[in-house]
Amino acid sequence: RVKLLILTGATGPKIEAAVTAIPGWEESGLRILHAGNMEEAVAIARREAQPGDIVSLSPASASFDCYKNFEVRGRHYKELVRALS
């Protein structure tokens, strides 16, 4: 069950609009936060995650506004997560 969306990039506002247009989404308890870049998104996820939570990079849009391609985006995400300690 998704508890938090951390949205970034050019399509973040479009994704938020689509989610908040769903009837009853307010009652779901889903929270939506925005990050300016991947580093900020990972920092927010680290701060917000509780023991037992799963944090997943789940891009719902192209990454061309920030990355050359999805592989570069994925590698960057892995590097940021590995650097957490």
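Modeller: We start with a definition: buried means under 20% relative accessible area, exposed means over 50%, and partly exposed is in between (1.4 Å probe, protein chains only). This is a predicted model, where local features need pLDDT of at least 70, side-chain atom pairs count only at pLDDT 80 or more, and totals for chains, interfaces and linings use all residues. Residues are numbered from 1 along each chain as its sequence is written, and side-chain values use heavy atoms, with hydrogens and water left out.

Biologist: In what order do the elements run from the N terminus on?

Modeller: Helices (H or I, at least four residues) and strands (E, at least two) are DSSP runs, numbered from the N terminus. The protein has three helices and two strands. From the N terminus, the order is β-α-β-α-α.

Biologist: What share of the residues in the protein is buried?

Modeller: The protein has 85 residues. Its C-alpha atoms fill a box of roughly 35 × 30 × 20 Å along the principal axes. The buried share of the residues is 22%.

Biologist: Among contacts with a separation of 6 or more, what share comes from residues 24 or more positions apart?

Modeller: Contact means heavy atoms within 4.5 Å. Take the contacts in the protein with a separation of 6 or more. Residues 24 or more positions apart account for 56%.

Biologist: Is His76 buried or exposed?

Modeller: His76 sits in helix α3. Neighbours within four places in sequence aside, His76 is in contact with Met38, Glu39 and Tyr67. The relative accessible area of His76 is 15%, so this residue is buried.

Biologist: Which residues does Tyr77 touch, not counting those up to four places away in sequence?

Modeller: Tyr77 is also placed in helix α3. With a relative accessible area of 16%, Tyr77 is buried. Tyr77 touches Met38, Val42, Val55, Ser56 and Leu57.

Biologist: Why do the buried residues of α2 lie on the same side of the helix?

Modeller: The buried residues in α2 are Met38, Ala41, Val42, Ile44 and Ala45. An α-helix has 3.6 residues a turn, so residues three or four places apart point the same way. The arc is taken from the directions from the helix axis to the C-beta atoms. Here the residues lie on the same side of α2 because they cover an arc of only 160 degrees.

Biologist: Which elements are included in what covers those buried residues of α2?

Modeller: The cover comes from other parts of the chain, and the elements to look for are strands and a helix. They include β1, β2 and α3.

Biologist: At the start of α2, how far does a side-chain oxygen of Asn37 lie from the backbone nitrogen of Glu39?

Modeller: A polar contact is a pair of N or O atoms within 3.5 Å; within protein, one must be able to donate a hydrogen and the other to accept it, and residues adjacent in sequence count only if both atoms are side-chain atoms. The Asn37 oxygen reaches the Glu39 nitrogen to within 3.1 Å.

Biologist: How many salt bridges does the structure hold?

Modeller: A salt bridge is a side-chain nitrogen of Lys or Arg within 4 Å of a carboxyl oxygen of Asp or Glu. Side chains of opposite charge can pair when their charged atoms come close. The structure's count is three.

Biologist: How many residues apart are Lys3 and Asp53?

Modeller: Lys3 and Asp53 form a salt bridge, with the closest N and O atoms 2.8 Å apart. Lys3 is in the segment before β1 (4-7), and Asp53 is in the loop between α2 (38-48) and α3 (70-82). The pair links distant parts of the chain, with a separation in residues of 50.
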